[in-house]
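Thanks for coming. I have one structure to walk through today, so please look at it first.

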Amino acid sequence: FFRSCCDMLVKRRKQQLNRTAASRQWVWVIDFNGFGFRDQNPKTAACAAGVLQRYPEMMGQVLLVNAPFLFSATWNLLTPLLDSRVREKVVFVSDEAISNDEALRQRLGDEAIDWILAEVRDNIDRKNDDPPKQYWAPPSGPGEHDGHGMKSYVDSEFYVKTPGDAWQERQEQNEQ
């Protein structure tokens, strides 16, 4: 994942699209649906804190969606370790509040907010599905949510194909 992001930044730099600090900032959305006590690995938290601490200016915002009470204890332990610039960029929000948060909509744009809401709702709907969600699979029909990302990103030259994309392309070629 990190390598793909770095590759995208290099490609954007070559096209002079990330000349300003604001154009190099990332928004990190973490959906806590299905998160439980067993998922609280201190190493993961320390790694995330390290990334946030080392690259505070690249982090535009961290959106923690539906974070459970269990997570708040871990967060309270980590916040003293983080730079104030990083702490200010972390936002706790529920999926219901996302669509009504005008400041968030203004910062991220309608397409991003709509995609985040669709992704969160898709994760909630599929939480108990058997088999589990296939993140690599494209939408099965027009107008369906694409877990790969927003349409403007997936259709752009910056979209990084995953092994799942290659598998899907081979499947489609075999069907022809």
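Before that, some bookkeeping. This is a predicted model, in which local features need pLDDT of at least 70 and side-chain atom pairs count only at pLDDT 80 or more, while totals for chains, interfaces and linings use all residues. Residues are numbered from 1 along each chain as its sequence is written, and side-chain values use heavy atoms, with hydrogens and water left out.

The protein chain has nine helices and three strands. Here helices (H or I, at least four residues) and strands (E, at least two) are DSSP runs, numbered from the N terminus. Starting at the N terminus, the order of elements is α-β-α-β-α-α-β-α-α-α-α-α.

Of the 176 residues in the protein chain, 28% are buried. Buried means under 20% relative accessible area, exposed means over 50%, and partly exposed is in between, with a 1.4 Å probe and protein chains only. The accessible surface of the protein chain is about 11900 Å², and carbon and sulfur atoms hold 54% of that. Those areas come from the Shrake-Rupley method with a 1.4 Å probe; for residues, only the protein chains shown count as cover.

Next, contacts, meaning heavy atoms within 4.5 Å. Among contacts in the protein chain with a separation of 6 or more, 71% join residues 24 or more positions apart.

Now the cores. A nonpolar core is a set of buried Ala, Val, Leu, Ile, Met, Phe, Trp, Tyr and Cys residues joined through side-chain atoms within 4.5 Å. The largest one has 13 residues, and those with the most contacts inside it include Leu52, Trp75 and Leu82. Helix H2 (42–54), strand E2 (59–65) and helix H3 (69–78) each give two or more residues to this core. Not counting residues up to four places away in sequence, Leu82 touches Ala49, Leu52, Gln53, Trp75 and Arg87. A second, separate core has eleven residues, among them Val65, Val93, Leu104 and Ile116.

On to Val91, which sits in strand E3 (residues 90–93). Is Val91 buried or partly exposed? Val91 counts as partly exposed because its relative accessibility is 22%. Beyond four places in sequence, Val91 contacts Gln61, Val62, Leu63 and Leu64. Between the C-alpha atoms of Val91 and Leu104 there are 9.6 Å.

Glu119 has 10% relative accessibility, so it counts as buried. With neighbours within four places in sequence left aside, Glu119 contacts Asp31, Lys133, Tyr135, His145 and Gly147.
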